[in-house]
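Come along and check each entry against the view.

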Amino acid sequence: MSTNFAHLRSYDEQLFRLGVLAERYFPEDPNTALIKLRQLGELLAQQVASRFGVFTSIEESQLALIRRLELEGLIEREVAGLFHDLRKTGNSATHGLQGDHASALSTLKIAWQLGVWFHRTFTDPEFRSGPFRPPQPPVDESEELRQELARLQGQLDAFLANDGAIAQQLSAAEAQLEQALGEQQQWEQLAEQVEADKVALAIQLRSLQSAAAQQPATVTAGLRQAARTAAGSIELDEAATRQLIDEQLRQAGWEADSQQLRYGKGSRPQKNRNLAIAEWPTSSGPADYVLFVGLTPIAAVEAKRANKDVAGVLPQAQRYCRDFQPGADLETSSQAWGPEGEYQIPFAFSSNGRPFLRQLLTRSGIWFRDLRRSDNLANPLDGWYSPEGLKELARQDAARAQEQLLRESFSYGFPLRPYQRRAIEATEAAIGAGQREILLAMATGTGKTKTCVALIYRLLKTGRFRRVLFLVDRSELGTQAADAFKETRMESLQSFADIYGIKELGEREVETDTKVHIATVQAMVQRLLLGSEEDKPTVDTYDLIVVDECHRGYLLDRELSDRELGFRDFNDYVSKYRRVLEMFDAVKIGLTATPALHTVEIFGQPVFVYSYREAVVDGFLVDHEPPILISTELSSDGIRWAAGEEVHHP
């Protein structure tokens, strides 16, 4: 019996049987194969939780369990993404009766890699699985599927011919399986055993949970490190990577299916639909995807295997943007894009399906470049732009807005102090220079909030940014900020809140006319990592993030943890704090009185500093040290009483 899941048998017969059944059903019933793979993903996640000692109940949903494992740092984001793919394709197969052979084959490869990751994490870090073993082909296979299966078989044959030691191990394992199961009625027996073993599953998981709860902390820490290391070794081919990218695009609001929505199969852009059409022809070759908002081509995408460099292939997407050939049935810009009008499409993306990891900067995330200006640099994103987000970005003119900022008056309904104006000018200059992380250091009591209100107002008024996320680390600061926006008079006796829409703490929905959204870091972590998929914002939801008192929050005071969201430790908070900041394709501005090391690591060195001593000298703060210190005998020597001394008082 040839299978990709033999290494799972030593952990649980159920894991092994579900994998084997998925391979068996593939040729005749890909829908059932996807359902079995979803069940495999569920059991595998429960096994992970039990072996880490965090299993709660077999009734916990797969979505909640995966998110909890990721939130607690037990699985990497890339691994969580693979679990989510098994879950979503299995849900579509179960509830929508969906599932073709191409999807089932890609999902088999994803499940195989998850199984390899599991084995490397909990038993053998050096495990070499060899290449994927293609399942039995269907009778009515398409030409594309035939080629894919032939390619996989060729890789396997070459491996077996060239790597004799591992080939012998695989052959021996298969022989043991044949002997143990026998050919006659083996598939029926597997199916019956899967159902019968459900009763024993809960008992086994509780036993694993009990054992894990008693293991030393050093063992658990070692497993965490093994899981991280194993995640870095996950390898998916381009077909499986495309399936991950399809799902990511769908989550951002695009219609994507690289197997069916293909140029060669007749897919064309349509009005009122946002389509990601695969294999769109250009004069320099087919683009992996072209994203269409209605009839308008707005972005080209280059997709590569999960272990390929993402930043390095972005120029290919740029070539597709240049060599795209507009048709009479498309709606393109009257003027081409770029400084010399060389691009037919304004935006370029490249991706390998892997979520953004700072330690794998060029080999993860979705790399993006705005081609309209030569000085726009490529940068990694944590997700895909939504169709509406790309439309709004195409309408923005950053150069014109920057010029308008230079002409914009500082005459508002409240006077700005000289240093506040200098702080705003320094920030705007940094933005104009392309700086994306900016730190302002101003002493406590010097009016950071008023400075921030004026800065945000100017940036919104000139159109430099569309929507601002104002982040605080506790509710009290958010309330104070909301009051400042509502009470500060800007122009024509109107307050900031009168002119621009504001969403305060607790308001989750960000509407089209919302310009400023005030939220706590903890609430955003909750929304991004634990909220519903429908409620999760896209990377373009905010294009400016302002963090008030950005050195705070790391204190992890008890009140904050109980009321908002607990964190394991300092590093856990910083990690999730950075997740919030990195989620959005936005300029980040930090406001602080006392820059800490971690603050500088995130935002860089301050572009403007106004210290406490400067504020005292300028007369805006009162020195806490008295100018004249009077010393008395009482203050210097105090009063001493001898034992038994009688004290008289009036």
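Entry: I started at glutamate 279, which counts as partly exposed because its relative accessibility is 22%; buried means under 20% relative accessible area, exposed over 50%, and partly exposed in between, with a 1.4 Å probe and protein chains only. The phi of glutamate 279 is positive, near 55°, in a residue other than glycine. Glutamate 279 sits in strand S2 (residues 274-280). Helices (H or I, at least four residues) and strands (E, at least two) are DSSP runs numbered from the N terminus. Most residues other than glycine have a negative phi.

**Entry: ground rules.** I noted that this is a predicted model, where local features need pLDDT of at least 70 and side-chain atom pairs count only at pLDDT 80 or more, while totals for chains, interfaces and linings use all residues. Residues are numbered from 1 along each chain as its sequence is written, and side-chain values use heavy atoms, with hydrogens and water left out.

Entry: Is serine 492 buried or exposed? I found that serine 492 counts as exposed because its relative accessibility is 68%. Serine 492 is not a glycine, yet its phi is positive at about 55°. I located serine 492 in the loop between strand S10 (489-491) and strand S11 (494-495).

**Entry: the whole protein.** I counted 24 helices and 16 strands. Of the 650 residues, 52% count as buried. I also looked at contacts (heavy atoms within 4.5 Å): among those between residues at least 6 apart in sequence, 69% join residues at least 24 apart.

**Entry: the seven-strand sheet.** I traced an open sheet in the order S1-S2-S3-S4-S5-S6-S7, with mixed pairing. Its edge strands are S1 (255-256) and S7 (379-381), each of which pairs on one side only. Two strands pair if DSSP finds at least two bridges between them. Strand S5 (residues 347-351) and strand S6 (residues 366-370) are antiparallel, with five bridges, and serine 351 stands opposite isoleucine 366 in S6.

**Entry: strand S14.** Which residues of S14 (residues 544-547) are buried on each face? Leu544 and Val546 are buried on one side, and Ile545 and Val547 on the other. In a regular strand the side chains alternate between the two faces of the sheet. S14 pairs in the parallel sense with strand S9 (residues 468-472) over four bridges, and leucine 469 stands opposite isoleucine 545. S14 also runs parallel to strand S15 (residues 587-592), again through four bridges, and here valine 546 stands opposite isoleucine 589.

**Entry: two helices.** H15 (residues 418-432) has 15 residues and reaches 21 Å from first C-alpha to last, close to the 21 Å expected; the expected span is 1.5 Å times one less than the number of residues. Its buried residues include Tyr419, Ala423 and Ile431. Their cover includes helix H14 (398-407), strand S8 (437-442), H16, S15 and strand S16 (608-610). Just after H15, glycine 434 has a positive phi of about 90°.

H16 (residues 448-461) is mostly covered, with eleven of its 14 residues buried. Among them are Cys452, Ile456 and Leu460. Glycine 463 follows H16 and has a positive phi, near 80°.

Entry: On a 1 Å grid over the protein atoms alone, a cavity is a set of points where a 1.4 Å probe fits but cannot get out, and a pocket is an open set with protein on both sides within 12 Å along at least five of seven lines; lining residues have an atom within 4 Å of a point. Grid points are joined across faces, edges and corners, and a volume is the space filled by probe spheres set on the points.

I found four cavities of 30 Å³ or more. The largest cavity has a volume of about 780 Å³ and 42 lining residues, with Arg77, Lys88, Gln248, Gln251 and Lys536 nearest its centre. Helix H4 gives the largest share of that lining, nine residues.

The largest pocket comes to about 1,300 Å³. Its lining has 50 residues, and Leu377, Asn379, Arg436, Asp585 and Val587 lie nearest its centre. S6 gives the most to this lining, with four residues.
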